[in-house]
Amino acid sequence: MTKEEILKDVQTIANDELDVDTDKITLTTNIKEDLDADSLDLFEILNELEDKYDIELDPDDSIVTIGDLVDFVSAEMDKQK
């Protein structure tokens with residue numbers, strides 16, 4: 001799975017969870033500041049990604065942007081291959 005595919009899924013999930021237009025969700029989008037998301041919102045997004053990709057995510061505070069989230073999910077998927 002490519003990072004572009006993961007981004008598309010993150011955009012869809014964030015749109016569903018946060019009611020934000022997917023066009024506003026880019027790799028440089030700050031999750032808390034630009035999307036007005038809190039830690040519970042991020043938790044919900046991560047849960048959806050876990051279910052979608054059948055992986056376990058243990059997030060840390062380094063996830064600030066959508067790009068960080070995509071990289072994090074991609075790295076976790078690579079670990080579980």
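Modeller: D36 counts as exposed, because its relative accessibility is 68% (exposed is over 50%, buried under 20%, partly exposed in between, with a 1.4 Å probe and protein chains only). This is a predicted model, in which local features need pLDDT of at least 70, side-chain atom pairs count only at pLDDT 80 or more, and totals for chains, interfaces and linings use all residues. Residues are numbered from 1 along each chain as its sequence is written, and side-chain values use heavy atoms, leaving out hydrogens and water.

Colleague: Where is D36 placed, and what is its phi?

Modeller: Most residues other than glycine have a negative phi. D36, however, has a positive phi near 55 degrees, and it sits in the loop between helix 1 and helix 2 (helices are DSSP runs of H or I, at least four residues, numbered from the N terminus).

Colleague: In which loop is D54 found, and is D54 buried or exposed?

Modeller: D54 lies in the loop between helix 2 and helix 3. D54 is exposed, at a relative accessible area of 68%, and its phi, near 55 degrees, is positive.

Colleague: Which residues of helix 2 are buried?

Modeller: In an α-helix, with 3.6 residues a turn, residues three or four places apart point the same way. In helix 2, the buried residues are L42, I45, L46, L49, E50 and Y53. Viewed down the axis, the buried residues of helix 2 fall within an arc of 145 degrees, so they line one face (the arc takes directions from the helix axis to the C-beta atoms).

Colleague: What covers these buried residues of helix 2?

Modeller: The cover includes helix 1 (3–18) and helix 3 (66–79), where contact means heavy atoms within 4.5 Å. Exposed residues L40 and D51 are on the face of helix 2 turned away from its buried side.

Terms used:
Helix = DSSP H or I, 4+ residues; strand = E, 2+ residues; numbered from the N terminus.
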